[in-house]
Amino acid sequence: MDEFFKPSNECSMWTGETGKLIDKARSEGITLAWDRLAKQTPQCNFCEMGLSCAKCVMGPCRIIPGLDREKGVCGADADLTVARNFGRFVAGGSAAHSDHGRDLVEVLYEIGTGSTTAYSVRDEAKLKRLAEEFGLDTKGDIKAIAKSVAERLFADYSTHGPGLAFLGRVPKARLDLWNKLSITPRGIDREPVEMLHRTHMGVDCDPVSLCLHAARTSLSDGWGGSMAGTELSDVIFGTPAPGKTRVNLGVLKKDMVNILVHGHSPVVSEMILAASADPSILDQAKKVGAVGINVAGLCCTGNELLMRRGIPLAGNHMMTELTIVTGVVETIVADYQCIMPSLVNISQCYHTKFVTTSDKAHFPGADTYHFTPHNARELAGQVVLKAVEAFTKRDPAKINIPVEPVEIMSGFSNEAILGALGGTPNPLIEAIKAGVVRGAVGVVGCNNPKLRQDEQHVTLTKELIKKDILVLVTGCATSAMGKAGLLVPEGASMAGQKLAGLCQQLGIPPVLHVGSCVDNSRILQLCAVLANAIGVDISALPVAASAPEWYSEKAAAIGLYAVASGITTHLGLPPMILGSQAVTKLAVSGLNDVVGAAFIVEPDPIKAGELIDNHIGQKRQALGLSF
Ligand code: XCC
Ligand code: SF4
């Protein structure tokens with residue numbers, strides 16, 4: 001693992017906003033994730049390899065294959081221990097995405113029953129399309145349709161429903177394969193719960209069977225909970241369309257009240273945005289000397305607002321601590337997921353208020369509000385007013401916004417992409433056949449302090465577009481791409497000649513921003529549309545996915561649902577499975593024979609680019625196209 005780890009004192013060598021703010025944080029005595037990583041290093045080798053188990057109090061056990069500790073007290077060996085740990089890891093990620101999706105189903109249900117007026121259906125056409133897709137009545141009034149679509153999706157969360165509503169999108173060959181392997185997801189809640197059951201001591205003791213159930217669990221996320229999250233967010237808040245906005249810490253404004261929304265769910269951040277435009281609150285802001293209220297995003301809820309409202313993105317995962325160090329953030333409003341607990345302490349070193357909004361995510365020391373669809377508007381107003389008050393408490397000596405913002409283009413929902421192509425995927429298929437677009441890769445996911453921030457995302461993506469491979473981006477990779485100039489049409493100058501020509505013709509960037517991490521479900525759907533149009537399985541498409549700097553359980557779930565859907569997926573860091581040769585072999589090669597795709601683990605982004613390019617070339621040749 002040493003090759004992945006860049007020690008913390010290297011941080012000061014970092015250029016740009018990250019380096020400047022790390023230096024500022026150091027001078028102010030602030031401890032950051034990089035510093036804590038240095039203190040945690042070397043990390044536990046057993047855990048890194050997936051060989052420690054604490055699932056019962058006969059343990060904890062540490063397995064040493066080949067030595068006198070090859071089995072835990074219960075008799076579990078390395079393969080079983082790794083498979084059980086990995087299964088639970090994926091279940092955690094799937095549960096997080098799917099529980100987020102449930103929040104959107106609940107809001108839609110409350111809209112349908114008329115019990116909230118804070119939210120409404122912004123994209124009625126999309127709601128009706130979903131109702132039609134699910135075989136529901138589309139003739140009633142919009143509330144009735146909202147209620148029946150919500151009820152249909154509630155059923156998907158249970159065990160006794162009619163089967164996941166979105167499985168109708170899956171190409172037949174893929175669905176047949178899942179059925180043959182018994183990995184078709186049956187219920188969004190059922191699969192992660194069953195994974196917890198199977199991995200209890202003394203239940204499923206077959207590593208292969210556990211890995212297959214991990215795949216089923218991840219599919220309940222990708223084609224279930226995440227897809228529900230994406231589709232209903234579009235219905236409630238509007239389906240994204242291309243537009244321009246800005247990215248990096250330069251989007252913070254010295255003369256404005258700055259509010260950062262952080263987390264994943266648009267349910268809260270959309271309300272904060274609405275409250276920040278309230279004329280009476282704006283008056284208050286002017287009274288305290290601010291020229292206005294500036295809402296900017298962090299992580300995935302930032303991506304949600306970016307896609308739909310053109311709200312600028314202040315930063316990704318590894319920037320979250322540093323945003324506070326600018327000294328101009330009045331409030332961070334957090335919902336859930338990927339919110340470092342350290343943000344509470346760092347906020348306390350400045351005038352920043354750290355606000356939590358979800359009953360699922362309590363942070364001791366934070367200002368706690370419990371948002372529901374009923375009180376969201378009122379509470380959002382209170383939170384924004386508090387931010388206005390905080391503006392007066394700034395310490396001018398601590399203010400430093402180290403960069404100017406960079407322009408980006410966003411909003412490439414499938415509706416926008418297919419709409420721009422005249423409503424069918426055929427022009428894209430023709431471009432693929434002609435080699436103008438050799439293939440497509442979703443570069444997605446997090447940052448990880450073990451890697452130099454953003455570098456893997458950007459280096460890999462530049463390699464891919466050079467080879468005329470179109471890149472789709474979601475999640476925390478987005479601001480990396482934006483800062484590197486890849487999310488504007490001018491970025492096409494970094495692409496191969498053919499892709500560059502197409503981008504110029506259409507006025508699009510070589511890297512299309514398609515949303516947050518739950519929005520990776522858009523990529524699944526687009527692959528399904530392409531596969532169905534060509535009449536092949538998804539695994540036959542010249543596509544791939546990559547999470548070069550991933551850290552979270554959710555990213556593992558995304559990677560696995562991509563692979564189980566037939567999309568070969570690159571990871572820049574290995575999952576904690578290397579302690580089992582059987583599981584590792586299955587992940588990086590064996591899965592090819594099972595689901596027609598596998599993982600590529602490669603820390604070097606240039607080499608990863610070559611491997612992905614080669615994979616795409618082979619898929620093209622199998623379709624009878626040029627390499
Ligand atoms: Fe989290 Fe979604 Fe990863 Fe970013 S990309 S660090 S999971 S915020 Ni989702
Ligand atoms: Fe040890 Fe088995 Fe208990 Fe795990 S489940 S802690 S390996 S005895």
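The dialogue below turns to strands, ligand surroundings and backbone features.

Tutor: This is a predicted model, in which local features need pLDDT of at least 70 and side-chain atom pairs count only at pLDDT 80 or more, while totals for chains, interfaces and linings use all residues; side-chain values use heavy atoms, with hydrogens and water left out. Residues are numbered from 1 along each chain as its sequence is written, and chains are lettered from A and ligands numbered from 1 in the order in which they are written.

Student: Which way do the side chains of β12 point?

Tutor: In a regular strand the side chains alternate between the two faces of the sheet. Here Ile469, Val471 and Val473 point one way from β12, and Leu470, Leu472 and Thr474 point the other way.

Student: Which strands are joined to β12?

Tutor: Two strands pair if DSSP finds at least two bridges between them. Strand β11 (residues 439-443) runs parallel to β12 and is joined to it by 5 bridges, with Ala440 opposite Leu470. Between β11 and β12 the chain passes through helix α18 (residues 455-466), and this β-α-β crossover is right-handed; that is, with the strands pointing away from the viewer, the path from the first strand over the helix to the second runs clockwise. Strand β13 (residues 511-515) is also parallel to β12, through 4 bridges, and there Thr474 faces Gly515.

Student: What donor does the protein give to the nickel atom of ligand 1?

Tutor: Donors are N, O and S atoms within 2.8 Å of the metal (3.2 Å for Na, K and Ca); water is not among the atoms, so sites may look incomplete. The nickel atom has a single donor from the protein, the SG atom of Cys517, 2.0 Å away. Cys517 belongs to the loop between β13 and α21 (520-534).

Student: Where is strand β4 placed, and which strands pair with it?

Tutor: Strand β4 (residues 257-262) has 6 of its 6 residues buried, so it too is largely enclosed by the rest of the structure. It is joined by 5 bridges to the parallel strand β5 (residues 293-298), where Val261 stands opposite Gly297. With strand β7 (residues 329-334), β4 pairs in the parallel sense over 5 bridges, and His262 stands opposite Ala334.

Student: Which peptide bonds are cis?

Tutor: The bond from Thr41 to Pro42 is cis, with omega near 0°, and Pro42 lies in the loop between α2 (33-40) and α3 (45-49). Another cis bond joins Gly59 and Pro60, with omega about 10°; Pro60 is in the loop between β1 (52-53) and β2 (61-62).

Methods: Buried means under 20% relative accessible area, exposed over 50%, partly exposed in between (1.4 Å probe, protein chains only). Helices (H or I, at least four residues) and strands (E, at least two) are DSSP runs, numbered from the N terminus.
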